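Hello,

Here is the structure for your set-up. Please look it over before reading on; my notes follow below.

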Amino acid sequence: MADYSEEISIRNLSVVFPSRKKDITAVKKVSLDIRKGEVFGIVGTSGAGKSTLLRTINLLQRPTQGNVIIHGEDLTTLNGEALRRFRKNIGMIFQQFNLINSKTVYDNIAFVMQVVGKTKEEISRRVPEVLELVGLSDRADSYPAKLSGGEKQRVGIARALANNPYILLCDEPTSALDLENTNAILKLIKEINQTLGITTVIISHEINVIKKICHRVAVMTDGEIIELDDVFNVFSAPKHDYTKSLVSHTFDLELPAQTLHGEDFKTLKVLYSGDKANESVLSDATEKFKVKINILQGKIEYISGKPFGMLIVQLNGTPEIISNAENYLRARTYNVTDV
Ligand SMILES: Nc1ncnc2c1ncn2[C@@H]1O[C@H](COP(=O)(O)OP(=O)(O)OP(=O)(O)O)[C@@H](O)[C@H]1O
Ligand SMILES: [Mg+2]
């Protein structure tokens, strides 16, 4: 098989929902390449068109205009049986799990294999395999109602993998879960991506989810992609105002107002990334400008394994000293803003 390093190519894709009052353009001329084996995130406001865009990747949603090309095949040209056959390559999981409540865990998974014509033998071999993969070997005979949310999503993942897809689409897979289950499911999705090399597209409105498992992320508002880059770059240098506000929540601050500004001191938020994650900047500033620096708060996040830090520092001294020290910090760190 040819080596497609761009596994999914979306070209000039629009989705318009006709409506009697005013047509809704849910996706506006989006072009985007998703690489083989990556975890690609889509983040954005509610109603931005994330789900609609994701659903065009397996043509659950037909685009009004544009193309979806997977492994060189333009999905929009496929219909009926050919489309059904192609869809086997693409697994999908959902926020509300979408399990069939009247079927056991085993039968929920077996069902999607029957639909594509797998034999009983193939099914009885594969179902235990995928159940083991998601850590639910002992729940084959349970009904969904007896499972926790985290377990339900594991079944959803097992079902999505049953037909050996090379693409996994995830629409808000952790939004119905508590923090502990969210982390466990994200870890599982990441492991599956790494061990099976499955190209994964994940939607979330939570930047923390994206930060934990994605390699690259597209930021979507109002049907358009306004920013697309490595997660680390989007985090450390957000360009669009929406992205900036999204990222700033990572470093939410709660400091009493009187500690922030005074006659002989100034409080700043200093961000530093990977290579500049270096305490010596502060001690160098102290030495050079005779400024006194108090660290009020500090936090280091790891994004794609690289450190990204935030310090809230209070500079003490004359206005001139403070201004010199501030300029120095600005030059040597990633970003400096007033608090
Ligand atoms: N089947 C449909 N018919 C008509 N309008 C639709 C349909 N599906 C989505 N829309 C509209 O398209 C826009 C984008 O919806 P979409 O569900 O893709 O957004 P989203 O980014 O996934 O939002 P959320 O974060 O709330 O899930 C919205 O205005 C929505 O109301
Ligand atoms: Mg959605």
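**Domain interface**

About 740 Å² is buried between domain 1 and domain 2, and carbon and sulfur atoms give 62% of that area. On the domain 1 side, Lys211, Phe232 and Ser236 lose the most area to domain 2. Together they account for 74% of what that side buries. Keep in mind that this is a predicted model.

Where are the bounds? The domain assignment of the protein chain puts domain 1 at 6-248 and domain 2 at 257-338. The C-alpha centres of the two domains lie 40 Å apart. Seven residues of domain 1 are in contact with nine residues of domain 2.

One salt bridge is counted between domain 1 and domain 2. The side chains involved are those of Lys211 and Glu301, at 2.3 Å, N to O. Lys211 is also among the three residues of domain 1 that lose the most area to domain 2. As for polar contacts, one residue pair is found across the interface, with both residues at pLDDT 80 or more.

Which helix gives the most to the domain 1 side? Helix H8, residues 231-236, does, with four residues. By class, the side of domain 1 that touches domain 2 has five nonpolar residues, one polar and one charged.

**Sheet**

There is an open sheet of four strands, in the order S2-S1-S4-S5. The pairing is antiparallel. Strand S2 (24-35) and strand S5 (73-74) stand at the edges. Each has a single partner strand, so one side of each is left without a neighbour in the sheet.

Inside that order, S1 (residues 6-17) and S4 (residues 65-70) run antiparallel and are joined by five bridges. Ile10 stands opposite Val68 in S4. As background, strands of a sheet pair through backbone hydrogen bonds, either parallel or antiparallel.

**Salt bridges**

How many salt bridges does the structure hold? The count is 14. One of them joins the side chains of Lys187 and Glu191, at 3.7 Å, N to O. Why are Lys187 and Glu191 separated by about one helical turn? Because they are four residues apart in helix H6, residues 179-196.

Best wishes

Terms used: Residues numbered from 1 in each chain as written. Chains lettered and ligands numbered in written order. Predicted model: local features only at pLDDT ≥ 70, side-chain atom pairs only at ≥ 80, totals over all residues. Heavy atoms only, no water. Domains from an automatic or database assignment. Contact = heavy atoms within 4.5 Å. Buried area = accessible area lost by both parts, 1.4 Å probe. Salt bridge = Lys/Arg side-chain N within 4 Å of Asp/Glu carboxyl O. Polar contact = N/O pair within 3.5 Å; in protein donor to acceptor, adjacent residues only side chain to side chain. Helix = DSSP H or I, 4+ residues; strand = E, 2+ residues; numbered from the N terminus. Nonpolar A, V, L, I, M, F, W, Y, C, P; charged D, E, K, R; others polar. Pairing = 2+ DSSP bridges.
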